[in-house]
Amino acid sequence: MKKLFESFNVLSTDQLDKLDGLIYTKNLKKGEYLIEQGMLCDEIAFIDEGILRSFYINDAGDDITNCIAFSGELMAAYSSFITSFPAEDSIQALVTTRLTIIKKENLEALYAQSEQWQQVGRMLAEMQYVELEKRIASFQKETGVQRYETMLSTYPNYIKHIPLRYLATFLGVTPRHLSRIRASYKALDFSL
């Protein structure tokens, strides 16, 4: 997390060092939850190593994966984090995952200390917005095959760790359609 904040190029070394007493490491085993639907999200997690998925259960009782995050990315039930209302999603580890966590109250204390920390807060919100906009645009402009190709080219080493049923709902296709997409790639001798 510290390296991510450092990459924003707005904080001094002294300001970055203030994180040392405010962040902590958390390990999740495969299948464990960072947060469950209905809980209040009061922390942001940076994925040091592993994969997290955010999902909800729809009215038909289907488990729908709406976000998958990998090493080097942030994850939170962001709406709950901002509004202090219960989370509508659950966040679960797909593999053994190591996280660096900062609590909301500690992040807000940093925001209160300087304009630079406020700028970091704005940049975090902007990152979340851009990712959401990309996701919406991908569903409006791309086919399931194109979304799969993007994921395959961006995260080739991780895609094999995501169960087919989760990957299918994330890509907006049925598990059967995803099996056909994957089979066509294998037939073309693409490396999975």
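Please keep in mind that the model is predicted.

I begin with strand β4, residues 51-57. This strand is mostly covered, with 5 of its 7 residues buried. β4 pairs with two other strands. With β5 it runs antiparallel, and 7 bridges join the two; within that pairing, R53 stands opposite I68 in β5. β4 and β5 form a hairpin with 5 residues between the strands, where G61 takes a positive phi near 90°. The pairing of β4 with β7, residues 90-93, is also antiparallel and extends over 4 bridges. There, S54 has I91 of β7 as its bridge partner.

I turn next to helix α6, which spans residues 144-154. Its buried residues are G144, R147, Y148, M151 and L152. Seen down the axis of α6, these residues fall within an arc of 135°, and they therefore line one face of the helix. The spacing follows a general rule: an α-helix has 3.6 residues a turn, so residues three or four places apart point the same way.

Finally, the largest pocket. It holds about 1300 Å³ of space. Its lining comprises 41 residues, and N66, C67, E131, L132 and R135 lie nearest its centre. The elements giving two or more residues to this lining are β5, β6, α3, α5, α6 and α7. Which element gives the most? It is α5, with 9 residues.

Notes. Residues are numbered from 1 along each chain as its sequence is written. This is a predicted model: local features need pLDDT of at least 70, side-chain atom pairs count only at pLDDT 80 or more; totals for chains, interfaces and linings use all residues. Side-chain values use heavy atoms; hydrogens and water are left out. Buried means under 20% relative accessible area, exposed over 50%, partly exposed in between (1.4 Å probe, protein chains only). The arc is that of the directions from the helix axis to the C-beta atoms. On a 1 Å grid over the protein atoms alone, a cavity is a set of points where a 1.4 Å probe fits but cannot get out, and a pocket is an open set with protein on both sides within 12 Å along at least five of seven lines; lining residues have an atom within 4 Å of a point. Grid points are joined across faces, edges and corners, and a volume is the space filled by probe spheres set on the points. Two strands pair if DSSP finds at least two bridges between them.
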